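Student: I have a new model open and would like to talk it through with you. Could we take it one question at a time?

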Amino acid sequence: MKRKASSIILNLILLVVGAVTVYPFVWMLFSSFKKNSEIMALEQHLLPQEFILDNYVNMNAHFNFVRFFLNSLLVTVVVTLLVVYTSTICGFVLSKYKFKGRNFLFGFVLSTMMIPWCVTIIPKYSMIQSFGWMDSYKALIIPAMFSGFGIFMMKQHIASIPDEIIEAARIDGANEFFIFHRIILPMAKNGISSIAIFQFLWTWEDFLWPYLVINSQEKQLLAVGLKMFNGQYSTDYGALFAATAISIVPVLLIYLFFQKQFIAGIAASAVKG
Amino acid sequence: MFKKTHPLQSKSEIILRNIVVTVMVIYFTIFLVVPIGIAFAGSFHEWNPLSGTYNFLGLANYIEVFTSGLFGKSMLNTLIFSVVVIFFRVGLGLAIAYAIYSTLVKHKSFFRAVYYMPVVTPMVAVAFVWKFMYNPQIGTINQIFGLDVNWLMDPKTALLAVMIMTIWKDFGYAVVMYMAGLYSLPADALEAAKVDGASAWQTFRYITLPLLKPMTLFVVITSIISYIQAYVQILIMTEGGPGTATYLASYIIYDEAFVKYNFGYASALSFVLFVITAVFTWLSFRVSGTEE
């Protein structure tokens with residue numbers, strides 16, 4: 001009986017904290033279906049009293065939302081795929097090959113994670129200018145191709161793949177390129193999922209770098225667009241709620257899609273790390 | 001470091017290794033080592049890209065950092081912000097993780113997914129949502145609690161408001177980390193405690209908590225590194241205001257570099273912040289007594 005009572009109390013606490021956690025999302029979503037007059041009204045209701053879709057339908061009238069969204073999607077997908085590939089192949093070489101300077105190289109990669117963004121962003125900005133990459137997606141993609149965090153995660157993961165599997169493939173005559181692409185990549189899917197989710201989120205939400213290097217409106221990304229929109233039409237709350245809601249959707253979808261492998265992935269590398 | 005090379009190295013292994021190591025070294029040199037060098041040199045100069053100035057100043061930028069009242073204030077804010085947010089992130093994370101881990105709770109993956117949702121949501125977007133929630137007229141927080149507080153415009157509550165939002169966004173990360181830690185605990189230690197008749201609290205206090213120490217250290221260190229660099233929530237919610245109430249160290253660097261274009265001074269600030277990050281990371285290792 002006592003066990004049952006404590007079970008109910010514990011579940012209740014978790015539900016209440018969970019409701020608080022989810023509430024901002026729910027409030028934003030409901031508000032995005034409200035009229036501006038209702039959002040501004042003195043008497044507030046969580047549910048829209050009059051359910052409208054105008055905020056979504058008219059979003060593109062104020063600013064080029066669809067364009068920003070597609071730009072962000074393109075850049076984020078490309079950067080995520082590149083980072084997943086480079087992290088996995090670097091992680092493979094660093095964990096399964098023995099060579100002079102390997103530990104030094106790995107230590108160096110680890111230390112890159114401690115360097116604040118602000119130390120390198122000014123010189124990188126000047127370098128991009130002198131390379132003539134301003135206002136081009138090269139500036140967004142090339143400097144983001146490798147990730148210290150990604151390499152660290154993948155090294156931890158691939159270390160747990162047994163050497164015997166690789167040895168067996170070698171005896172069967174497989175070369176290293178085949179081993180990496182056909183054996184290691186598929187086996188590292190938990191680690192890959194966690195890097196994919198983090199990298200997707202980081203690129204999607206990055207505000208400062210695209211703001212600095214992209215000048216033309218039609219090439220701009222969503223995070224910057226959202227900030228501009230907020231400054232310009234700060235009274236059209238309904239449209240802002242709708243734009244914010246849509247900007248959250250892709251990352252949440254990616255997370256829900258990869259959730260299982262993702263949790264297994266970060267858990268494994270953090271426990272070992 | 002100078003181990004004998006593997007006797008059975010194939011040609012394709014050497015090729016793959018050389019390509020990967022070369023590309024990696026070139027990449028990190030161009031986009032990390034060289035920029036750090038440029039920033040370090042720049043921190044001793046008056047450097048403004050708009051007017052094209054690059055004049056040697058010696059230590060003047062660093063002297064300004066340490067005598068600037070705004071930097072002092074921002075470091076104090078950063079300290080308060082980091083200590084409070086890390087305390088709640090770790091405390092709440094551990095408590096919730098332990099509750100979900102308990103055999104009394106069934107829908108573990110549901111709860112885990114719920115608590116992790118804010119972590120995987122873009123900061124720019126949630127900062128906007130919370131800015132609306134804190135709005136004294138239309139905001140839901142005053143409505144729910146029947147308060148009349150101008151959260152983000154009152155110097156007394158602005159930093160608190162940003163901290164609450166950051167705790168909400170980040171504690172789920174600690175939940176997932178602690179759950180991973182809890183599931184990898186050695187079963188025999190917990191079993192032995194049970195056999196010896198330890199109470200639930202004793203088991204937690206003397207067995208579980210010490211065994212989770214590496215995970216706590218991991219969460220604390222990654223938190224220190226990320227909070228010293230936090231600026232997006234400030235940029236969106238308060239822009240440092242009202243007055244200087246919510247200036248965080250990284251926000252000053254953003255402001256000096258990309259609003260005022262004082263690249264030299266901003267670089268000096270960045271290096272000071274880098275050293276502070278390194279010292280705090282080292283201290284956390286020392287305090288926890290881990291040698292690695």
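Student: Which residues of α5(B) are buried?

Tutor: Happy to start there, keeping in mind that this is a predicted model. Helix α5(B) is mostly covered, with twelve of its twelve residues buried. The buried residues are B:Met123, B:Val124, B:Ala125, B:Val126, B:Ala127, B:Phe128, B:Val129, B:Trp130, B:Lys131, B:Phe132, B:Met133 and B:Tyr134.

Student: Which residues of chain A does B:Val124 touch?

Tutor: Leave out residues up to four places away in sequence. Within chain B, B:Val124 then touches B:Val232 and B:Ile236. Across in chain A, its contacts are A:Glu205, A:Phe207, A:Ala223, A:Leu226 and A:Lys227.

Student: Which helix gives the most to the side of chain A that touches chain B?

Tutor: Good one! Here 71 residues of chain A are in contact with 77 residues of chain B. With 14 residues, the helix that gives the most to chain A's side is α15 (residues 237-272).

Student: Which residue in the turn between β1(B) and β2(B) has a positive phi?

Tutor: These strands, residues 45-48 and 53-56, run antiparallel and are joined by four bridges. They form a hairpin with four residues between them. The turn residue with a positive phi, about 75°, is B:Gly52.

Conventions. Residues are numbered from 1 along each chain as its sequence is written. Chains are lettered from A and ligands numbered from 1 in the order in which they are written. This is a predicted model: local features need pLDDT of at least 70, side-chain atom pairs count only at pLDDT 80 or more; totals for chains, interfaces and linings use all residues. Two residues are in contact if their C-beta atoms, placed from the backbone, lie within 7 Å. Two strands pair if DSSP finds at least two bridges between them. Helices (H or I, at least four residues) and strands (E, at least two) are DSSP runs, numbered from the N terminus. A residue is buried if 20 or more other C-beta atoms lie within 10 Å of its own, exposed if 12 or fewer, and partly exposed in between; C-beta atoms are placed from the backbone.
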